[in-house]
Amino acid sequence: MPAPYAAGMTLAPDHRYLVISSDCHAGANHATYREYLEAKYHEDFDAWRAKYANPFRDLQGDGRTRNWDNDRRVSELEADGVVAEVVFPNTVPPFFPTGAVVARPPRPDEYEHRLAGIRAHNRWLADFVAAHPERRAGIGQTFLNDVDDALEDIQFIADHDLRGGLLLPMVPDDMPHLEPLFSPAYDRVWAACQDLGVILNSHSGGGGLPDYRGYPAAGALWITETTFYSQRPFTHLLWSGVFERFPRLKFVMTEQGSSWLPPLLARLDGFHKQMTGGRIGELKFGDGSTLSLMPSEYFARQCWVGASFPSPREAQAGRAFGLDKFMWGNDYPHDEGCYPNSREAMRRAFVDWTPEEIQDSLGNIIAEVYGFDLAALRPYADRCGPTVAELQEPYEGMPEGNYSPAFTRP
């Protein structure tokens with residue numbers, strides 16, 4: 001397990017933790033995105049923008065500048081004890097129907113403009129990260145409508161030091177123009193990520209849900225099923241042999257909880273044992289049709305969990321699938337995140353963890369996966385990181401006005 005201290009060394013009570021959030025979000029406003037959009041789309045963009053109404057509370061009013069204001073963002077994260085961040089998308093890129101994290105993939109007639117919009121975001125993100133390169137690991141985007149286009153975007157990510165990697169595009173079941181994630185049609189995408197060292201990230205929401213078509217139950221169904229659809233890419237990549245064929249591919253699952261993983265891995269390992277025996281019920285599995293390793297072994301070799309605002313139960317689950325896979329995050333600046341009360345959230349989640357285990361989850365593992373320089377970040381942490389003594393004090397209750405699952409889940 002990575003550590004910035006000597007093996008066996010105990011962290012002193014006044015040691016300040018070096019905290020990196022494995023889950024933050026950023027994006028530009030529409031006026032800025034226009035500057036990063038190819039000029040040939042400006043007229044279409046102006047017409048689209050004139051009709052767009054923003055549905056997000058955390059993208060309105062004074063709070064919206066958290067997504068792009070460098071000084072405010074660094075100041076507020078430091079006040080929360082955080083010195084660096086993995087940057088997922090947020091806001092609404094050009095021609096998107098909704099926020100970048102939850103928007104469904106484009107239909108064929110939307111693809112050209114949506115691709116232009118996503119590339120405008122990637123260009124903006126490269127500059128945003130470059131403003132504080134030691135503090136930010138940016139995650140770029142692509143679509144799977146055209147594999148050649150996706151390969152261009154992956155190359156852009158690699159060339160522009162977006163070391164957060166690629167946000168995996170989801171594929172809803174009701175979009176037949178797209179191959180499913182378990183299709184070998186995407187092998188060139190996985191190969192490019194592996195060969196270029198581009199991390200593959202999945203995030204809750206992710207646009208993989210079906211179209212609920214505006215029925216009265218649509219909102220309740222979306223919130224009920226989003227976790228299920230967010231978790232599916234792991235099993236789709238696993239059973240289709242992606243981890244088998246691309247053993248150096250790194251896969252991170254973020255803001256999906258963690259307590260579901262131990263029972264799932266146990267169930268998948270059970271299926272694998274039955275498959276190697278030749279059949280499960282009426283399903284036959286012949287030679288060469290099963291994976292060479294157990295599902296839990298692929299997870300241990302290639303997967304990590306971005307555990308956003310974890311509850312005590314989710315933190316405990318990390319012990320079952322491996323503390324070296326558990327990366328803390330605060331989901332800044334989202335309403336459901338634990339900012340500005342990350343210290344209280346840590347005290348509640350890590351009540352039975354050793355200081356060394358806490359430091360690994362808060363920073364060391366994230367730095368190893370995403371390539372942060374701990375030595376460059378240590379001066380910031382010495383100024384604003386929470387101390388060992390501070391986080392050893394258990395916390396129960398709910399900070400005023402903060403309804404994050406970090407405080408509401410058991």
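Modeller: Buried means under 20% relative accessible area, exposed over 50%, and partly exposed in between, with a 1.4 Å probe and protein chains only. The model is predicted, so local features need pLDDT of at least 70 and side-chain atom pairs count only at pLDDT 80 or more, while totals for chains, interfaces and linings use all residues. Residues are numbered from 1 along each chain as its sequence is written, and side-chain values use heavy atoms, leaving out hydrogens and water.

Biologist: Which residues point the other way from Phe326 and Trp328 in strand S10?

Modeller: Helices (H or I, at least four residues) and strands (E, at least two) are DSSP runs, numbered from the N terminus. S10 covers residues 326–329, and all are buried. Phe326 and Trp328 share one direction, and opposite them are Met327 and Gly329.

Biologist: In S10, which residue is the bridge partner of Val305?

Modeller: Strands pair if DSSP finds at least two bridges between them. S9 (residues 303–308) and S10 run parallel, joined by four bridges. In S10, Val305 is partnered by Phe326.

Biologist: Is Leu323 buried or exposed?

Modeller: Leu323 sits in the loop between H11 and S10. Its relative accessible area is 14%, so Leu323 is buried.

Biologist: Within what arc do the buried residues of H10 fall?

Modeller: The buried residues of H10 (residues 295–302) are Pro295, Tyr298, Phe299 and Gln302. They line one face of the helix. The arc is that of the directions from the helix axis to the C-beta atoms. Seen down the axis of H10, the buried residues fall within an arc of 100°.
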